[in-house]
Amino acid sequence: MLKSVHRLVNAPLRAQARVVQQHRLFSSEPEKSIDEIGNEKVRQLADNISNLTVLEASWLSEILRKKLNIPKPSFGSMPMMASPIAAAPAAAAPTAAAAAPVEEKKEKTEFDIKLESFSADGKIKIIKEIRAITSLGLKEAKELVEKAPIVIKGNVPKAEAEELKKQLEAAGAKISLD
């Protein structure tokens with residue numbers, strides 16, 4: 001379990017590191033030493049974070065996810081490829097809205113897209129749509145469709161969920177949003 005937690009915590013960092021490494025490959029700028037990056041406060045923070053245990057890193061990840069209003073990743077769906085840096089400005093707006101007193105009922109904003117059933121005529125079209133939505137291979141998408149009823153994608157924002165529902169229903173699928 002600790003290995004899976006470690007992978008979840010470090011996955012966004014690894015993706016970010018790949019982008020930075022690619023930038024360095026194509027950049028003519030010399031690589032900066034650690035002492036040239038940021039200020040002393042940031043370097044101390046980096047040292048403290050790098051000395052955390054896996055469990056402490058998991059706790060830190062959970063705290064930051066909640067403070068920045070970043071949705072919890074769903075298992076079985078496509079992983080988020082956006083960097084935490086890109087998500088931070090987008091998360092700043094909801095925090096301002098959260099400061100206002102909430103008197104209304106909370107409306108559900110994230111949905112699971114569930115394939116209930118499909119027409120035999122539209123099976124191939126549905127498999128193609130599933131491949132486009134989930135980035136699965138042909139075999140995996142076919143197996144997923146044949147396991148109906150099954151959740152195709154989880155924790156999807158309302159607008160995107162409705163759009164995907166329309167696409168799949170046009171291909172001949174019966175979809176429910178849970």
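This briefing walks through the overall fold and then two places in the chain. The model is predicted, so local features need pLDDT of at least 70 and side-chain atom pairs count only at pLDDT 80 or more, while totals for chains, interfaces and linings use all residues. Residues are numbered from 1 along each chain as its sequence is written, and side-chain values use heavy atoms, with hydrogens and water left out.

**Overall fold**
- The protein chain has seven helices and three strands, taken as DSSP runs numbered from the N terminus (helices: H or I, at least four residues; strands: E, at least two).
- Along the sequence, the order of these elements is α-α-α-α-β-α-α-β-α-β.
- Of the 178 residues, 18% are buried (buried is under 20% relative accessible area, exposed over 50%, partly exposed in between, with a 1.4 Å probe and protein chains only).
- Among contacts (heavy atoms within 4.5 Å) between residues at least 6 apart in sequence, 70% join residues at least 24 apart.

**Around serine 176**
- Serine 176 sits in strand β3, which spans residues 173-177.
- Because its relative accessible area is 17%, serine 176 counts as buried.
- Leaving aside residues up to four places away in sequence, serine 176 touches Asp112, Ile113, Lys114 and Glu116.

**Around isoleucine 49**
- Isoleucine 49 belongs to helix α2, residues 40-50.
- With a relative accessibility of 41%, isoleucine 49 is partly exposed.
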